[in-house]
Amino acid sequence: MKTADVFRFDHRRHLAATAVRPEHHADFNRLVKVLRYGSRFQFLLAECNDDLYRDLLIAKLNDVLAEEGMQAARLNVSRQTYSNFAALETEMRRLAADHQALHIVDQHHWFDAEQLEAFNIRREAVAQVVPIRLIFWLATDTIKLLALQATDLWTWRGGVFSFATQGHMEISEPPQFMNDIDNRTQAQRSKRIAELHSYLNMQPPLPDDLILPLFDELAGLLKSLGDFDEALRIRREDALPRYRKMGDEHAVATSLANIADILTRQGKYEEALNIQKEELSIHQKFNDHSALARCLGNIATNYSYLKLFDFAQSMFQKQVLPIFQELKDDRSIAVTQGKIAQILCEKGQLTEALQVLQKDVLPIFRKLSDINSVAITYGQIADIFCAQGQFSEAMHIRQEQELPVYRKLGDAHLVAITQGDIAAILQATGQYAEAAHILEDEAIPALLKIGDERSMAILRTRLEEIRQAMELPRTEEPA
Amino acid sequence: MSYQPPDNILEVLQKIEYEEALAADDPRFVDTTVARGSQKTLYRLARKFSLDLSDGRFTPPLQKHVLFFGHVGIGKTTELRHYAKELNGRERFLVVEVDIALMLDRNNIKYADTLMAMAQELLKTLTLHNISLGSEALSELEHWFSQRVLSSENLRQFTGEIKAGAEVGGGIPGLIKLFAVFTSSFKTNKTYKEELRTVIRNSFSEFVAAFNYLLRQAEESLVKANIAKRVLFIIDGTDKLRGEDTRDFFVHDAEQLLAIEGHVIYTAPLNLKYEDNLAGKLDADLWLPMIKLTDRDNHIWRPGWEAMRKILLYRAAQTLFASDAEINRLIEYSGGHPREMLRLLKLCCELAEDDLIDIQTVDTAIKLLASDYRRFLEPEDYKLLVEIDQNNLHIGNDKRTRDLLYRLALLEYNDGSWRRSHPVIRSLEGYIAAVNAIT
């Protein structure tokens with residue numbers, strides 16, 4: 001194997017992995033590697049409970065495989081498509097002739113005990129007549145059924161790759177978290193993790209003041225790679241007790257904030273709140289206003305995730321805002337007002353939300369000459385107009401206030417997202433052909449190039465709805 | 001040039017095949033006799049066929065059917081191929097290996113199919129040794145074919161197809177071709193499979209008599225040719241039958257198997273050993289032990305570690321491991337099960353970012369393998385595993401225990417007298433919770 005080829009391959013797969021959820025990077029990378037370098041026939045299990053996300057994963061895998069000169073096909077397996085395993089096997093056999101990999105996508109639990117048993121019976125024959133890489137996309141409970149009901153087939157597995165998510169991927173926006181900027185590749189980060197482990201295991205052990213920065217760095221790296229559990233464990237069990245022992249309360253507060261941040265990302269809002277309350281008491285003790293306001297803001301955010309909107313709004317307005325106003329921290333004031341507007345939207349108080357954005361947020365960002373934040377705020381305003389049915393106003397903002405700014409800033413991603421929003425307005429106003437044109441020719445190809453599979457899937461769903469509304473035959477989409 | 005293990009992670013990944021049994025002359029073979037504590041296994045196996053390996057005395061009985069138990073994937077086939085080297089010989093056996101996975105549809109197999117495959121492989125082996133049988137030796141089988149099979153009304157179309165195809169001819173080559181057509185049909189031809197089985201079932205006594213006659217004639221010829229005294233069949237792949245088929249094959253249809261007046265070894269899954277209704281029918285007290293890493297009292301068993309290390313380093317060059325710590329951890333967490341160790345090695349290859357397997361990679365691989373077990377283990381399973389681990393006792397063979405053995409969550413060592421949970425399972429939260437609940 002030539003080093004250059006391997007390097008290119010590694011680069012491609014790591015690049016592709018950036019489009020999937022951080023917690024799935026490792027399994028995605030493993031899967032791509034085993035598909036590329038493993039033996040010709042493989043029986044692989046991919047666990048995924050979310051149709052949309054699964055499609056994204058398959059698209060990404062196929063991209064990497066195609067670049068490696070491997071062709072992959074897909075079979076959607078449902079009661080409508082295959083009456084029994086023999087019928088599926090016939091189709092697999094046909095596709096094996098000119099493909100190197102095959103995704104078998106279980107839809108609506110077609111693989112029940114009966115079909116798994118049928119597959120179990122035919123597994124040797126399948127290996128002979130379908131001698132390619134087979135990736136079975138199954139739900140968690142189906143994999144369990146396989147392990148229990150078709151144990152021989154389970155023993156035969158080449159690997160299980162987990163892309164399980166809690167619940168279905170929301171089309172509406174879930175809480176978004178900005179990751180800390182880390183320009184290192186995943187490989188570099190993994191290597192650094194190994195180094196850190198070797199330092200941490202030194203004998204005799206390093207003193208606390210030397211070991212603590214290592215724990216903090218390790219936890220940060222693990223978080224960036226999506227290993228929240230281990231990052232949390234290190235912060236809780238390795239770092240926090242040492243900081244407490246050293247009596248460094250500022251460090252304890254920072255450590256608590258980091259723990260709460262991970263818990264929030266994991267959706268454990270109540271647990272995060274408990275941690276944040278301890279953090280808060282430290283900031284109060286030291287009278288650190290800025291840290292206090294940030295901590296209160298994070299607490300209010302968690303209350304809003306728990307849908308305690310009134311309480312969250314009250315905290316932002318009565319506790320957080322006054323501190324930032326006292327500190328004359330304009331940017332933080334605008335950000336806090338933006339969060340209040342978001343809560344008002346959640347509560348259905350669109351007019352009030354609009355007012356906050358127009359009067360309290362926009363002017364500050366304008367004053368700060370932060371044109372990016374100005375455009376984003378305009379986007380929020382346009383969202384409200386859409387919700388109110390004021391499509392011409394919304395369209396005006398999208399075309400005049402958002403798009404030109406993102407174009408000027410060279411932000412292709414936000415340009416594509418805004419084009420998707422414009423298509424939504426066109427769709428809502430019955431201008432299907434134009435909407436389809438924007439999605440097909442501009443937004444989706446741009447997202448494909450960027451690699452934002454999630455947004456692309458949302459837009460593809462929208463395009464599908466538009467096509468159905470137009471009752472036009474499906475045309476070829478960008479793969 | 002001597003064998004060199006792959007020294008590139010991707011090459012290691014490419015070459016790992018769990019299902020592959022090693023040929024007798026494969027350079028990757030490792031003698032695991034001491035490691036398993038199975039010094040007496042071959043000796044005992046031979047003794048069951050009345051062959052005393054210590055002095056070479058051989059007093060073969062008319063027939064003997066022996067089950068050879070063991071966890072799936074611990075190397076039964078590989079070991080049997082090496083045993084075959086010892087058992088083959090002028091004053092001993094001519095070993096005939098019948099790989100039912102290769103010849104038949106092992107997921108839907110009946111005694112009739114197996115008997116056909118045995119006849120086919122016997123004739124092929126005789127041909128390889130240039131043994132020619134007189135026409136009389138084959139006459140009963142040919143007669144059975146012509147009277148019962150080729151003239152069967154229900155198989156008229158099928159036999160018509162045979163006649164329309166290649167000319168099968170007479171003698172041993174003709175019979176080999178005929179058997180090959182039939183075993184192939186058992187494997188692939190759904191239409192006639194059941195009809196063929198019905199014909200054999202309805203005329204089984206005639207068929208088995210013809211087969212036994214052929215076997216006796218063949219053994220006489222082997223003695224005359226100074227090749228061997230008896231024929232020994234090794235039926236491989238019967239340890240991987242489906243649950244129901246396993247019971248049908250070894251329990252319900254055992255009488256049919258016992259009708260074969262020959263010497264036969266069948267590979268069998270370990271869980272079958274603890275089925276009550278198996279008792280008494282077939283010789284069922286021999287198994288291939290796991291490679292043990294400790295003894296029952298948890299003292300390190302050095303030969304086990306050394307054998308596992310050799311197995312590992314034949315699959316991946318030592319330079320691929322950051323240090324001995326990684327090698328040792330892979331061995332430790334395999335529990336002495338070669339296939340599980342290869343599974344861990346494969347996971348390491350998938351995870352490693354450079355051409356080096358470091359301790360973090362190994363730990364991640366262990367976590368991943370453990371998560372495979374987490375998928376199906378229930379709280380009661382963990383509880384049972386903890387009890388077994390802590391009490392150091394063999395506490396029965398109920399269904400839950402048998403299922404855990406079958407799925408490799410529970411591993412059995414030595415003469416089956418002690419068991420341990422798979423080491424990767426002990427890191428699971430379910431197991432830890434069960435430990436806490438008990439202590």
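The entries below go from the contact between the chains to single residues.

**Entry: ground rules**

I am working with a predicted model, in which local features need pLDDT of at least 70 and side-chain atom pairs count only at pLDDT 80 or more, while totals for chains, interfaces and linings use all residues. Residues are numbered from 1 along each chain as its sequence is written, chains are lettered from A and ligands numbered from 1 in the order in which they are written, and side-chain values use heavy atoms, with hydrogens and water left out.

**Entry: where the chains meet**

I began with the contact between the chains, where contact means heavy atoms within 4.5 Å. Chain A brings 42 residues to it and chain B brings 39 residues. I then looked up the buried area, which is the accessible area (1.4 Å probe) that two parts lose on being put together, summed over both. For chain A and chain B it comes to about 3600 Å², with 48% of it on carbon and sulfur atoms.

Next I checked the polar side of the contact. I found 12 residue pairs in polar contact between chain A and chain B, both residues at pLDDT 80 or more. A polar contact here is a pair of N or O atoms within 3.5 Å; within protein, one must be able to donate a hydrogen and the other to accept it, and residues adjacent in sequence count only if both atoms are side-chain atoms.

Which elements supply the chain A side? At least two residues each come from helix 1 (3-17), helix 2 (25-37), helix 5 (113-129), helix 6 (140-149), helix 7 (151-155), strand 5 (159-162) and helix 8 (186-200) of chain A. Helices (H or I, at least four residues) and strands (E, at least two) are DSSP runs, numbered from the N terminus. Helix 5 of chain A gives the most to this side, with 7 residues. Sorted by class, the side of chain A that touches chain B holds 16 nonpolar, 11 polar and 15 charged residues. For the classes, Ala, Val, Leu, Ile, Met, Phe, Trp, Tyr, Cys and Pro count as nonpolar, Asp, Glu, Lys and Arg as charged, and the others, Gly among them, as polar.

**Entry: salt bridges**

I used the rule that a salt bridge is a side-chain nitrogen of Lys or Arg within 4 Å of a carboxyl oxygen of Asp or Glu. Over all chains the count is 54 salt bridges, and between chain A and chain B it is 4. One that I looked up pairs Asp372(B) with Arg157(A) at 3.0 Å, N to O.

I also picked Glu350(B) and Arg30(A), whose closest N and O atoms are 2.5 Å apart in a salt bridge. Glu350(B) lies in helix 16 (residues 338-351) of chain B and Arg30(A) in helix 2 of chain A, so this pair joins two chains. Glu350(B) and Arg30(A) are both buried; buried means under 20% relative accessible area, exposed over 50%, and partly exposed in between (1.4 Å probe, protein chains only).

Asp55(A) is partly exposed at 30% relative accessible area, whereas Arg54(A) is buried at 6%.

**Entry: aromatic rings**

I counted rings of Phe, Tyr and Trp (its six-membered ring) as a pair if their centres lie within 6.5 Å; planes under 30 degrees apart count as stacked, over 60 as edge-to-face and the rest as tilted. There are 24 aromatic pairs over all chains. Phe250(B) and Tyr266(B) make an edge-to-face pair, 5.9 Å centre to centre with 85° between the planes. Phe250(B) belongs to helix 12 (residues 243-252) and Tyr266(B) to strand 4 (residues 263-269) of chain B, so the pair ties together parts that are 16 residues apart in sequence. Both Phe250(B) and Tyr266(B) are buried.

**Entry: two single residues**

Glu136(B) is in helix 7 (residues 135-149) of chain B and is exposed, at 55% relative accessible area. Its side chain makes a polar contact of 2.7 Å with the side chain of Tyr213(B).

Ser78(A) is in the loop between strand 2 (72-77) and helix 4 (85-96) of chain A, and at 5% relative accessibility Ser78(A) is buried.
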